[in-house]
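Please look over the sequence and the structure below before reading the report.

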Amino acid sequence: MSPRRDPIERAADRGRDLYEVATWDQRSEFDGIAVAIYEGLRPAARWVVIGVATIITLALFAFGGLATVSNPIVGTFVLLSLVPALLLAGYVYRSDVTTREPLPMLAGTFLLAVVFSTFASIVNTFTSAVFASVGLSTQGFVGGVLFFLFIVGPGEEFVKWLAVRIYAFRRAEFDAVIDGAVYGAVAGLGFATIENAFYITQFIEATGTSVSIVEAGSNIAALRALAGPGHVIYSGIAGFYLGLAKFNREHYGPIVVKGLLLAALFHAVYNITVGYVPGIISLVSPLDGFAASIVYIVAYDTVIGLFLYRKLRNYKRAYRETGVLEHRNRADDPELAEFDSPPRR
């Protein structure tokens, strides 16, 4: 679709100068100053967002209890809790049939997800208090549904999406739709890292001396290990659609919204149901509450994970069937490239 034009521009002769009447281009030195300021503000705004998130993250480590993670035992439990999420993110990474993504970009996306997670934490805490002030406890069914559906799900998926959009998405190395799933999965891993660290440290501190640090850490680490893969799956889905949007700019907005809506919905449904379904499973089966939770979480992640798996599978199948690899090999080989070029006249 061609850009919309002013009626004067549509009606005027092509040779007529309509500068600052109906058209604009950089001409004067003042125009140049305006362009320079605008071009400078865009990256500056990104760095302001990153800086604020970093300061909040450091404050949480210093004053919010996360400093406990420096304890070798606590840190080990945090790392162990991330193993399932790390394996899943590694699978998505290996599913990229195009080119391997640079380690610095993967690391940058991971770190951005860690620091941006603080935005979601602040919003969740504030809105939880607001819900309570109007008589809707987030621990109750109605309050919980509203909280997870409209606050937690969209908020957490947005900050993970932002970790991809603000950095990797803008780089030339992000050169395929499937790259979005890779960076989305890495962002999910980053978010799971800081979330697991927060829950594990808070739980260990809350138990105090009632149980040993090893017993408390092993219990909460096992639970958090189940939550991590979900973050990877949800943001992998949103990331895939972000990659699709990058190469379909005319439909960029709706594609991005679809990806975020899907990720937020899957996330919210998990949060809503995980507090109730395991109890139902334990009532109708010989499983205790913990075992029922494992069964339900694994089943839920498998179902939603299959959605992401099909996206990756369809991309890989199309990649092979369309002969992309062969075309790339020909482009890299001067003799083959010359053979493929049209004959000279």
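## Isoleucine 237

In this predicted model, isoleucine 237 has a relative accessibility of 1%. Buried means under 20%, so isoleucine 237 counts as buried.

Isoleucine 237 lies in helix α8. Beyond its neighbours within four places in sequence, isoleucine 237 is in contact with Leu262, Phe266, Ile304, Phe307 and Leu308.

## Helix α8

Helix α8 covers residues 213–246, 34 residues in total. From its first C-alpha to its last it reaches 47 Å, close to the 50 Å expected at 1.5 Å a residue.

How many of the 34 residues of α8 are buried? The number is 26, so α8 is largely enclosed by the rest of the structure.

## The largest pocket

The largest pocket has a volume of about 1100 Å³. It is lined by 39 residues, and those closest to its centre are Phe148, Glu195, Tyr199, Arg224 and Asn271. Two or more lining residues come from each of α5 (103–133), α6 (141–165), α7 (177–207), α8, α9 (252–273) and α11 (289–321).

Sorted by class, this lining has 22 nonpolar, 14 polar and three charged residues.

## The second largest pocket

The second largest pocket has a volume of about 250 Å³. Its lining is made of 13 residues, with Trp47, Ile50, Leu112, Ile166 and Tyr167 the closest to the centre. Here the elements that give two or more residues are α2 (29–63) and α5. Helix α2 gives the most, with five residues.

By class, the lining of the second largest pocket has eight nonpolar, two polar and three charged residues.

## The whole protein

What does the secondary structure of the protein come to? It comes to 13 helices and zero strands. The C-alpha trace spans about 85 × 50 × 40 Å along its principal axes.

The protein has 345 residues, of which 41% count as buried. Its accessible surface comes to about 19500 Å², and 66% of this belongs to carbon and sulfur atoms. Among contacts with a separation of 6 or more, 73% are between residues 24 or more positions apart.

Methods
Residues numbered from 1 in each chain as written. Predicted model: local features only at pLDDT ≥ 70, side-chain atom pairs only at ≥ 80, totals over all residues. Heavy atoms only, no water. Helix = DSSP H or I, 4+ residues; strand = E, 2+ residues; numbered from the N terminus. Expected span 1.5 Å × (residues − 1). Buried < 20%, exposed > 50% of the residue type's maximum accessible area, 1.4 Å probe, protein only. 1 Å grid on protein atoms, 1.4 Å probe; cavity = no way out; pocket = protein on both sides within 12 Å on 5 of 7 lines; lining within 4 Å. Points joined across faces, edges and corners; volume = space filled by probe spheres on them. Nonpolar A, V, L, I, M, F, W, Y, C, P; charged D, E, K, R; others polar. Contact = heavy atoms within 4.5 Å. Areas by Shrake-Rupley, 256 points an atom, 1.4 Å probe, with all protein chains shown as cover.
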